[in-house]
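Thanks for coming. I will walk through one structure today, starting with a sheet and ending with a pocket. Please have a look at the model first.

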Amino acid sequence: TSSNVGFSSSAITAFDTLCINSTSGSKSFNIKGAFLSGAAVKVGPLAGYKFSTSANGTYSDSVTITNYGITLSQTMYVKFSPATSGSFNGSVPVSGGNVTTINVPVQAVGVNSKPTLTGAITNITCNNAKNGVIDLTTTGGAGVFSYSWTLAGVVKYSTQDISGLTPGDYIVAVTSLGGCT
């Protein structure tokens, strides 16, 4: 029954496009092993990905599994955490147990879609006027962009440009492709 010796794995569903220097939510996959030697089993490393044996656990470049006997059934959790832009299509190596290494395919794209922001500000014309304007220009990045303007910590507007303003400190967060903010 040599066809039952070694590792098998479920698939990892593709990750959504993600902004560089951020971390996705976790996805899981199952590793099964039969007729293993009991030697340590290693999952990873693979550039752009972090691994854990629990959804809320500590994620690292690779995980070593020990004390499992001659069979293994382990749910693994993986997060996408790109440091650079590009395609992160690869295979997660699962090795050890004195059996042949398997590679579990995974796909993701990292982007740096942050635009540069420039604001043209028109101040109010006199006290108590509500005629201030901020004309926001985005340069570069990749959209569709979404806007969230706050005044005194309260979200007030969700458009690119805002008008009818009173004096105050208006803060804008612009979110672009892959969740870049």
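Before the sheet, one term: two strands count as paired if DSSP finds at least two bridges between them. Please also keep in mind that this is a predicted model.

With that, take Gly 86, which stands opposite Gly 110 in strand S11. The strands concerned are S8 and S11, with S11 covering residues 109-111, and they pair in the antiparallel sense over two bridges. In general, strands of a sheet pair through backbone hydrogen bonds, either parallel or antiparallel.

These two strands belong to an open sheet of three, in the order S2-S11-S8, with mixed pairing. S2 and S8, the latter spanning 86-87, stand at the edges with a single partner strand each, so one side of each has no neighbour in the sheet.

Cys 19 and Cys 180 form the disulfide, and their sulfur atoms are 2.0 Å apart.

Cys 19, at 4% relative accessibility, counts as buried, and so does Cys 180, at 0%. Cys 126, by contrast, is partly exposed, with a relative accessible area of 46%.

Ser 176 also lies in the segment after S17. This serine is buried, at 5% relative accessible area. What does the side chain of Ser 176 make a polar contact with? The partner is the side chain of Ser 113, at 2.8 Å. Leaving aside residues up to four places away in sequence, Ser 176 touches Ser 113, Lys 114, Pro 115, Ala 142, Val 144 and Phe 145.

Last, the empty space. Rolling a probe the size of a water molecule over the atoms shows where such space is left. The largest pocket has a volume of about 190 Å³. Its lining consists of 13 residues, and Ile 121, Asn 123, Thr 166, Gly 168 and Tyr 170 lie nearest the centre. Strands S12 (116-122) and S13 (132-139) each supply at least two residues of that lining. The largest share, three residues, comes from S13.

Note on methods. Residues numbered from 1 in each chain as written. Predicted model: local features only at pLDDT ≥ 70, side-chain atom pairs only at ≥ 80, totals over all residues. Heavy atoms only, no water. Disulfide = S-S within 2.5 Å. Buried < 20%, exposed > 50% of the residue type's maximum accessible area, 1.4 Å probe, protein only. Helix = DSSP H or I, 4+ residues; strand = E, 2+ residues; numbered from the N terminus. Polar contact = N/O pair within 3.5 Å; in protein donor to acceptor, adjacent residues only side chain to side chain. Contact = heavy atoms within 4.5 Å. 1 Å grid on protein atoms, 1.4 Å probe; cavity = no way out; pocket = protein on both sides within 12 Å on 5 of 7 lines; lining within 4 Å. Points joined across faces, edges and corners; volume = space filled by probe spheres on them.
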